[in-house]
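Please look over the sequence and the structure shown below. The report that follows takes up some backbone features and then a pocket.

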Amino acid sequence: MDDDNVGGDNMVSDFNSYEEFLDSQITVADLYYLEDEELARQLVELGYRGSGEVLRRDEFEARKAAAEASKLSKTNQEMTLASYGKSIKNPLMKELAKREEANRSGKMTTIIFIRDKNARGQEISGYIDYAQRLKVDDFGMYFAGKKRLLPRASDLSFYNWETQKSTSNHTANFEVITENTSGLLFKSKRDRKIINVDPKSTTPGDNSTRTPLTTPADLPPPHYEQVVLYDHITRRKT
């Protein structure tokens, strides 16, 4: 059944209307003997004429609509997902590509911790709200390996170990909690759950997971000193 539908979708997409579809199955001989184009169309629709698959008007329109919806969905996916169609080898970018759709749609929010050196050779670290960055950055450049993802002073949390510059910022997805004996915490604005990024903590919190990553030198760049992903799944419907 699925194979037939796929074939049908490909077939009906070539025609702008049901009449064009019927006309494609009418032969010169049919018109010669019948001398009536409308009658020839009716005979094709009834299955008495025509060399192709017989489709009623409602079947044609249903398949036409399905074909258009499939085409639109594919186009939207290509336009929306920055990782779409890219060959990604870097471990961090591969993991972010897996999470892109979920972060864009709100099914998941991911916090990216990165520790590395900036262009000046200064060690920096910070926590990035992935969903927020997806809205303001062209991640196609990151996924293509043309740009290096690093924390900024405008991210959830940022620290320059040489200048000792420290910043923290709330985002649309998280509140930053700095005054806490357990260290830095983030509160999800969707379900009010706490994400604990303390590496000594046994768990990052309810509905959250911690995934440390390595970026070996023998794999495509960028390479980082330390990377950890914190994924939070919210139970609240979006």
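## Backbone in the loops

Gln164 lies in the loop between β3 (157-160) and β4 (166-168), where strands (E, at least two residues) are DSSP runs numbered from the N terminus. The phi of Gln164 is near 65°, a positive value in a residue other than glycine, and Gln164 is exposed, with a relative accessible area of 57%; buried means under 20%, exposed over 50% and partly exposed in between, for a 1.4 Å probe and protein chains only. The model is a predicted one, in which local features need pLDDT of at least 70, side-chain atom pairs count only at pLDDT 80 or more, and totals for chains, interfaces and linings use all residues. Residues are numbered from 1 along each chain as its sequence is written, and side-chain values use heavy atoms, with hydrogens and water left out.

Asn207, in the loop between β7 (194-196) and β8, also has a positive phi, near 60°, and is partly exposed, with a relative accessible area of 24%. In the loop between β8 and β9 is Pro222, and the peptide bond from Pro221 to Pro222 is cis, with omega near 10°.

## The largest pocket

The largest pocket is lined by 13 residues, of which Tyr127, Val197, Asp198, Pro199 and Tyr230 lie nearest its centre. A pocket here is an open set of points on a 1 Å grid over the protein atoms alone, where a 1.4 Å probe fits, with protein on both sides within 12 Å along at least five of seven lines, and lining residues have an atom within 4 Å of a point. β8 (208-213) and β9 (226-233) each supply at least two residues of this lining, and the largest share, three residues, comes from β9.

Technical notes. Helices (H or I, at least four residues) and strands (E, at least two) are DSSP runs, numbered from the N terminus.
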